[in-house]
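Q: I have a model open and would like to learn how to read its features one by one. Could you walk me through it?

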Amino acid sequence: MEHFRSRGSIDKNKALVEHLQYYGIIKSGKVAEVMDVIDRGEFAPSGCPAYDDSPMPIGYNATISAPHMHATCLQLLEEHLQPGMRALDVGSGTGYLTACFAIMVGAQGLVVGVEHIPQLVALSIENINKSSAAAFLKEGSLSIKLADGQLGWPDSAPYDAIHVGAAAREIPQSLIDQLKPGGRMVIPVGDLFQDLKVVDKNLDGSVSIRSEMSVRYVPLTSLEAQLS
């Protein structure tokens, strides 16, 4: 870890994690640990205030979510990101949350990030290779795919956990289909007004949906619409 980042960045990332713990966003030791291990500064754009609790533009009409939203989603998915489990990160952006998932599920698990901007796919791979999740990328238990996130990644389904990092007008059936019975998806849903939805697939295949909180995300859309 020291090889890739300065002591100053480590201290700032630690302070961010402590801030989120103090305000009750991070509630578990596991989420604190993974956000401490994966330094946000390695995934935020160069020159930006990486440790501020705010979203930041990463180009291509996309953003990296605010740290409190990353922490919230990790908390909501924690029980579905246990060692050996499978996770899908839709709209993986710069790769931050995808890397967090890999740390949580470990080498025996599987994490797939899906992103439809080729430059962000390349950037996220570069970022992950600088992080403590690099070994998972090298060994193949973590991968970033260039694809339409609305379609998920059926080749590695079903998933115990699915995270969607952009707001859908409605929950894509393809993602529900790729969720394992007993699994959970968190996805922002809405247009002007959005809610973070928690989607649980019961063991009998039925689906339960609840709203966790009001949020504001960029839209989950086609490549052409996003770039325009």
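Q: Which residues of α4 are buried?

A: Buried means under 20% relative accessible area, exposed means over 50%, and partly exposed is in between, with a 1.4 Å probe and protein chains only. Helices are DSSP runs of H or I with at least four residues, strands are runs of E with at least two, and both are numbered from the N terminus. In α4, the buried residues are Y96, L97, T98, A99, C100, F101, A102, M104 and V105. That is 9 of the 10 residues of the helix, which spans 96–105, so α4 is largely enclosed by the rest of the structure. Just after α4, G106 has a positive phi of about 75°.

Q: How should I treat the numbering and the confidence of what I see?

A: This is a predicted model, where local features need pLDDT of at least 70, side-chain atom pairs count only at pLDDT 80 or more, and totals for chains, interfaces and linings use all residues. Residues are numbered from 1 along each chain as its sequence is written, and side-chain values use heavy atoms, leaving out hydrogens and water.

Q: Which strands does β6 pair with?

A: Two strands pair if DSSP finds at least two bridges between them. Strand β3 (residues 86–90) runs parallel to β6 and is joined to it by 4 bridges; here V90 stands opposite V164. Strand β7 (residues 179–190) also runs parallel to β6, again with 4 bridges, and H163 of β6 faces V186 of β7. As for cover, 6 of the 6 residues of β6 (159–164) are buried.

Q: What is Y159 in contact with, beyond its neighbours within four places in sequence?

A: Contact means heavy atoms within 4.5 Å. For Y159, which lies in β6, the list is R86, A87, L88, V112, W153, Q178, L179, K180 and G183. Its relative accessibility is 0%, so Y159 counts as buried. D204 is 45 residues away from Y159 along the chain, and their C-alpha atoms are separated by 16 Å.

Q: Where is there a cis peptide bond?

A: Look at omega: the bond from A157 to P158 is cis, with omega near 5°. P158 sits in the loop between β5 (142–146) and β6.

Q: What is the phi of Y60, and what is that of N61?

A: Y60 has a phi near 60°, a positive value in a residue other than glycine. N61 is not a glycine either, yet its phi is positive at about 55°. Y60 belongs to the loop between β1 (56–59) and β2 (62–64), and N61 is found in the loop between β1 and β2 too. Y60 is partly exposed because its relative accessibility is 34%, while N61, at 52%, counts as exposed.

Q: How does the protein chain look as a whole?

A: Start with the radius of gyration, taken over C-alpha atoms; the globule rule is 2.2 Å times the number of residues to the power 0.38. With 228 residues, a compact globule would come near 17 Å, and the 16 Å of the protein chain agrees. The C-alpha atoms fill a box of roughly 50 × 40 × 35 Å along the principal axes. The protein chain has 8 helices and 9 strands, and 53% of its 228 residues count as buried. Among contacts with a separation of 6 or more, 58% come from residues 24 or more positions apart.
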